[in-house]
Amino acid sequence: MSNFTQRVLSVGDLSEDELASFLRKEGINLTPEEVRRIADILGRSPSLVELHIFNVEWSEHCSYKSSKKILKEYLPTKAPNVIMGPGEDAGIVYLTTHKGERYGLVIAHESHNHPSQVLPVEGAATGVGGIVRDVDCMGAEVIAVADGLRFGNPQGKYRERTKWIAGGVVQGIWEYANALGVPNIGGDLYFNESFDDNCLVNVVAMGIVKEKNILRSRVPEEAKHTPYDIILVGKPTDASGFGGAAFASEILDEEKEEEKKGAVQVHDPFLKNVLLMKKANYQVWKEAEKRGYPIGMKDLGAAGICGSSSELGAAGNIGMEIYLDEVHVAMEGLLPEVILCSETQERYVLAVPQEFTPEVLRIYNEIWELPHIYEGAQARVIGKTRQDKQYVVYYKGEIVCDIPIEKITEGIEYARASSPPRRVFNEPAYKIENLNQVFLKVLSSPNIASRAHVFRYYDTEVQGKAVIRPGEADAGVMAPLEEIGSPVGIAFSMDGNPFYGRISPYWGGANAVAEAMRNVACVGATPWCLTDCLNFGNPEKPEAFHDFVEGVKGVADAAKNLWLMEHPGTPVPIVTGNVSFYNESAAGKAIDPSPIVGCIGILKDYSKAITLTLKEAGNTIYLVGRRYDEMGGSEFYRLILNEMGSNVPKIRWEEERNNLYAIIEAINKGTVKACHDISEGGLGVALAEMMVNSRSKNKLGVEIDLEGVENPLPIEKLLFSQSSGYIVEVHQEENFEKIMEKHGAYFFRIGKVTNQPHLKISQEGKNIISLFIDELLRIWQESVPQAFR
């Protein structure tokens, strides 16, 4: 090391208590044991700058130190359609070939939970900002975002705070994505008391790239033979987001929320719009391609300059030299660890050949005039590659960091203890007298009712690629390459019921996968790949870690057993994702185990996609999928009986596959006019939602007779069981039934679409439900707005 001794920690001279006290004073979350391990790795005491580097790079958020072993053991990430799986900033799957050109679909999935609980607008906005950068820096055109949101009880003890957080999060999402010019393709929303102290904000972004133009988040191999510069692009560095990765890896303490606000970044979507959206970054890529220069690129997210530059270098098996005095900053007097590790938004780092550097700087600073768009924004050379695989950082002429680069990025790994928690859930006894009133109450649940209050803020039309918008079907659909004449479509759904996770983390994970796949199937798309964000409590608690492992197993088993269509035995690959731990309050209250899964579906012809809205009187209504005594975690049990139940829906792999494949073929063969999956609220709610879809102008109703439905159940369970299945409006009954039989799917003709705006359900000649559409619509539309006000 240099003579920068006043900022070197003498590890060997401190007791455990003294070292722990020092770390707390400096805001470092490393344990004394980890610091001594760092000293062993370096063969000396670390500098304070080095400690801050390891503090973020060894955080749970960056290193996956508790989860990486489990993820590698269970999750399937390979399949014939995978171009690039987990490991880069985003995953890529094959999309289509058009006029001899292969196109990839780029997708990334992250969480921004803790920041959104502390500063909802900024936390959610920067979550969107980070995820679109992940997709952009793979060389892709960003075409869509989506969000999975979990908030506390809007009628509970902390209702005012919950409503403030929920409103702020939605505001942050729409403010950022709308200004950036990226449409929202969908998402999902749940409220329950387990999220009172820890909201969840999971964000997804998607993009399109020609396979030959994919950029890698690494220094190219050519840097081993020719000098490469490291260029920082974007906003001037400030102290915002300093320690953000470490903050995301600790338990939230309400009493300390104020001091943690500095760990939340500050967004600027207008500057981002100039950098991506086929503008400045795109021009650099095209110029590099034209001149034959391989380049590397990475967004600055967790750990800032340090995280991005060290990961670029380590992935390229080469060292880095960073000069902090060359970094453009927003204020004087920033400490070196702040410059190096703060998470200031709207920044990228590029590795480019030195001879290409002047042109890169000219494109950003002169052609796109970054300094005139945002004060202090620019592109600057801040370092260069080095051949000895060291990560060396200079500040005011002194070396403040000198670490083998792979030691920064390889992280550490813990084998966490795991033991099953005690769960006691029972099936309740009940007696229901007025099913009409019960039905309306279930329909009014904010976990079921219309989400129009949320997605009406989102721009779903920008870019002109929308085919089916949020609220019109179980999945959003886009035509990403229509402008070049390709008919390919993509569908997206995001799912994960936290009440299932409370009863059984395993079936919570499995159901999240199955429902996401069902939802894309309901528009006619073939499930093509999965993403996951695994949201759990404190992994240092054996019970919480057991829940995590079970949740991962559930996700993995569903992906492995539901298969990639036309590839029997091949899992649907999980190509990107995230783990979010420490979603627990200082009092020890953890969230419900919450794996949130995204599914991308592919349509060969987007014009064949269908919605869930009833289409024409006289068409036949079919039930696809057997009903089971599975109401654990259901809205019926919780709202009507104030019970949780124990019989959580189980996915029967072969039955689920058969139904799924049959539905996809039936829609693509043109036999189906509308389709809706059975999930929250059960069969009855699915029928009502097909009538009252928020954008529908039809005033159609249904007459349903449930007599003879297989697996006879009490009428309440037949109506409200949340076992998987579909409600299908069919206009070619014979062809539809042949397809169902071909795939071995269970189906039953249960009724007709009528010209009367009336939901009528009967059994054995007895009228069970009789409600008019106007009443259903009012109830369905009022609930979610009330949860935000």
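Helices H25 (residues 682–692) and H28 (residues 773–788) have axes that come within 10 Å and cross at roughly 95°. Here helices (H or I, at least four residues) and strands (E, at least two) are DSSP runs, numbered from the N terminus; axes are lines fitted to C-alpha atoms, for helices over the stretch in contact, with angles from 0 to 180 degrees between N-to-C directions. H25 and H28 are therefore roughly perpendicular to each other, on a scale where angles under 35 degrees count as roughly parallel, over 145 as roughly antiparallel, 65 to 115 as roughly perpendicular and the rest as oblique. On the H25 side the contact (heavy atoms within 4.5 Å) is made by Ala-688, Glu-689, Met-691 and Val-692, and on the H28 side by Ile-773, Leu-776, Leu-777 and Trp-780. These contact residues split into seven nonpolar, no polar and one charged, with Ala, Val, Leu, Ile, Met, Phe, Trp, Tyr, Cys and Pro taken as nonpolar, Asp, Glu, Lys and Arg as charged, and the others, Gly among them, as polar.

A word on the model itself. It is predicted, so local features need pLDDT of at least 70 and side-chain atom pairs count only at pLDDT 80 or more, while totals for chains, interfaces and linings use all residues. Residues are numbered from 1 along each chain as its sequence is written, and side-chain values use heavy atoms, with hydrogens and water left out.

Overall, the protein has 28 helices and 26 strands. Its radius of gyration is 27 Å, close to the 28 Å that the globule rule gives for 789 residues, so the protein is as compact as a globular protein of that length; the radius is taken over C-alpha atoms, and the rule is 2.2 Å times the number of residues to the power 0.38. Along the principal axes, the C-alpha atoms fill a box of roughly 90 × 60 × 45 Å. Buried residues come to 65% of the 789, where buried means under 20% relative accessible area, exposed over 50% and partly exposed in between (1.4 Å probe, protein chains only).

Turning to the strands, seven of them form an open, mixed sheet in the order S8-S10-S7-S11-S9-S12-S13; two strands pair if DSSP finds at least two bridges between them. S8 (296–299) and S13 (398–404) stand at the edges with a single partner strand each, so one side of each has no neighbour in the sheet. Neighbouring strands are turned by 20° against each other on average, direction ignored. Helix H7 (residues 120–136) lies across S8 and S10, at about 170° to S8.

At the other end, five of the six residues of S12 (residues 390–395) are buried, so S12 is largely enclosed by the rest of the structure. S12 runs parallel to S9 (residues 319–323), with four bridges, and antiparallel to S13, with six. Tyr-394 of S12 is the bridge partner of Tyr-323, while Val-392 stands opposite Asp-402 in S13. S12 and S13 make a hairpin with two residues between them, and Lys-396 in the turn has a positive phi of about 50°. At 59% relative accessibility, Lys-396 counts as exposed. Ala-303, in the loop between S8 and helix H13 (304–315), also has a positive phi, near 75°, but at 0% relative accessibility Ala-303 counts as buried.
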